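Thanks for coming, everyone. I have a few minutes on one structure, so let me put it up and walk through it.

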Amino acid sequence: MSRSHGSAVTLPGDPPGGRRAALVWGVGVAVYFVAVIFRTSLGVAGLDAADRFDINASALSTFSILQLLVYAGMQIPVGLMVDRLGTKKVLVLGVVLFTIGQLGFALSPSYGTALAARALLGCGDAMTFISVLRLGSRWFPARRGPLIGQVAALFGVAGNLVSTVFIARALHGLGWTTTFVGSSLAGVVVLVLLLLFLKDHPEGYEPQPATHAGAAFVRRQIVESWREPGTRLGMWVHFTTQFPAMVFLLLWGLPYLVEAQGLSRSTAGGLLTLVVLSNMVVGLAYGQIIARHHAARAPLALGTVAATALLWAATLAYPGDHAPMWLLVTLCLVLGACGPASMIGFDFARPANPPERQGTASGIVNMGGFTASMTTLLAVGVLLDATGDDYRIAFSSVFVLEAIGVVQILRLKARTHRRERERLVASRVEAVHVPV
């Protein structure tokens, strides 16, 4: 049953939000915050890792590729786990895994054990963001979904900022082992908060108990989520928008700025910080715009892709050995919009799927950007080794994946909008004819 309030449709069981919701959701966001610190800490430690383990560019990129391979491969299983087990159990497992992974990376005596540690970290990290999205949908009204998603991503960006500022400084002041062991203690802190304070949903808003299990149920969840054009469009939006900034921040930005652009490590770190700060500002703006105007989703996503491609091309094609600082600053500001634009993918998948499929659909969407990031990290590493560290050639691989993604977005956009209009008409009819 549904009730009409002006032009909005409020669904029965729609949680009220409020201070209690913010506090509980904040615990989940804190877990995601720490996960992103651990995930992106390699981005500022890439040169240190190459020296510590005596590896080349391809081997260095394998750290991030393996981590993202595990992350991307876990998205659908994690979505199914969240739908079946709830948020708290999945987050607890995730915190345990990524904390052990960070600690193992700190103490690894060899390249092989360090790889295993990053894989374990990626597995735990994979369980956080989808869980936080599900937690937000259980504690806040549906109309708050776009803003809640962007704010969650904003805290992830803050975790990235901690990596680019504090982890980078700690590495040079305290050394590898002390820095990574010390950072792993943050995982213990959020685990305690999670066990003490997090609840899957407010009292009186329990979801319907699952009545199906087994392989047939799993297949149906995946198939029905994938059949929705909104889910597929969301995945391709995430695929196309997220990866340029992810590749830049996660691994190759610092080496590119230092080795190809001749900047000092401190200046390069400042530019990476600029990407993060831009992400925070743009994320708030995108969340507010989309919450008020759903029609802005596709234009914002495609506009971000176009701006990113233009600035990326201008930087790579600039004549001379080094691009001017104003161009590098502009590139970093535009890269800051990639993360918020990728969140738009979830805003396409959310209205396309019922509550019992939200985790599965979010997992499919989240695979997009991380698959693109993994592919590009590998391509850049291989091309750098093959071309004698020619970053212009290696970084041009970005354009291939952007072109593929844009084609798919344009193909699915009209179909998704048509399905959304059909659902909106149906909900309004129900609101008028079903008595309160």
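**Packing around α3**

Start with helix α3. Its buried residues pack against α1, α2 (57-85), α4 (111-125), α5 and α7 (176-197). Before I go on: this is a predicted model.

Which residues of α3 are buried? They are T87, V90, L91, G94, V95, L97, F98, T99, G101, Q102, F105 and A106. On the geometry, α3 covers residues 87-107, which is 21 residues. At 1.5 Å a residue that should span 30 Å, and the end C-alpha atoms are 30 Å apart, so the two agree.

Hold on to F105, one of those buried residues. Ring pairs join F105 with F53, F63, Y111, W176 and F180 in a cluster. F105 also has a charge on it. The charged end of R118 sits over the F105 ring, 4.7 Å from the ring centre. There is another case of this kind: R232 lies over the face of W226, 5.9 Å from the ring centre.

**Aromatic pairs**

Now the rings. How many aromatic pairs are there? The count comes to 20. Take W25 and F140, an edge-to-face pair, 5.7 Å centre to centre, with 85 degrees between the planes. This pair links distant parts of the chain. W25 is in helix α1 (residues 19-53), while F140 is in the loop between α5 (129-139) and α6 (145-174). The separation is 115 residues.

Are these two buried or exposed? W25 counts as buried because its relative accessibility is 7%. F140 is buried too, with a relative accessible area of 11%.

Next pair: F248 and Y256. The ring centres are 6.4 Å apart and the planes are at 65 degrees, so this one is edge-to-face. F248 and Y256 are both buried.

**The nonpolar core**

The largest nonpolar core has 132 residues. Which members touch the most others? W25, F63, F248, W252, L257 and F395. W25 is in the pair with F140. F63 is in the ring cluster. F248 pairs with Y256.

Setting aside neighbours within four places in sequence, W252 is in contact with A57, S61, V247, L377, V380, G381, L384, Y391 and F395. So what does that fit with? In soluble globular proteins, nonpolar side chains tend to be buried together.

S397 is in helix α16 (residues 397-433). S397 is buried, with a relative accessible area of 12%.

L300 is in helix α11 (residues 297-317). At a relative accessible area of 18%, L300 is buried; the cut-off there is under 20%. With neighbours within four places left out, L300 is in contact with Y286, I289, I290 and I344. From V29, L300 is 271 residues away in sequence and 25 Å away in space, C-alpha to C-alpha.

How many disulfides does the structure hold? C332 is in none, and its nearest cysteine sulfur, that of C338, is 11 Å away. C338 is likewise in no disulfide, with the sulfur of C332 nearest at 11 Å. A disulfide needs the sulfurs within 2.5 Å. C332 counts as buried, at 0% relative accessibility. C338 is buried at 1%.

**Backbone points to check by eye**

Last topic: phi. Most residues other than glycine have a negative phi. Here are two residues with positive values.

D54 has a phi near 55 degrees. Where is D54? In the loop between α1 and α2. D54 counts as exposed because its relative accessibility is 71%.

D389 has a positive phi of about 65 degrees, and D389 is not a glycine. D389 lies in the loop between α14 (358-387) and α15 (391-395). D389 is partly exposed, with a relative accessible area of 46%.

That is my list. Questions, please.

Note on methods
Residues numbered from 1 in each chain as written. Predicted model: local features only at pLDDT ≥ 70, side-chain atom pairs only at ≥ 80, totals over all residues. Heavy atoms only, no water. Phe/Tyr/Trp six-rings, centres within 6.5 Å; stacked < 30°, edge-to-face > 60°. Helix = DSSP H or I, 4+ residues; strand = E, 2+ residues; numbered from the N terminus. Buried < 20%, exposed > 50% of the residue type's maximum accessible area, 1.4 Å probe, protein only. Lys NZ or Arg CZ within 6 Å of the ring centre and 35° of its normal. Expected span 1.5 Å × (residues − 1). Contact = heavy atoms within 4.5 Å. Core = buried A, V, L, I, M, F, W, Y, C linked by side-chain atoms within 4.5 Å.
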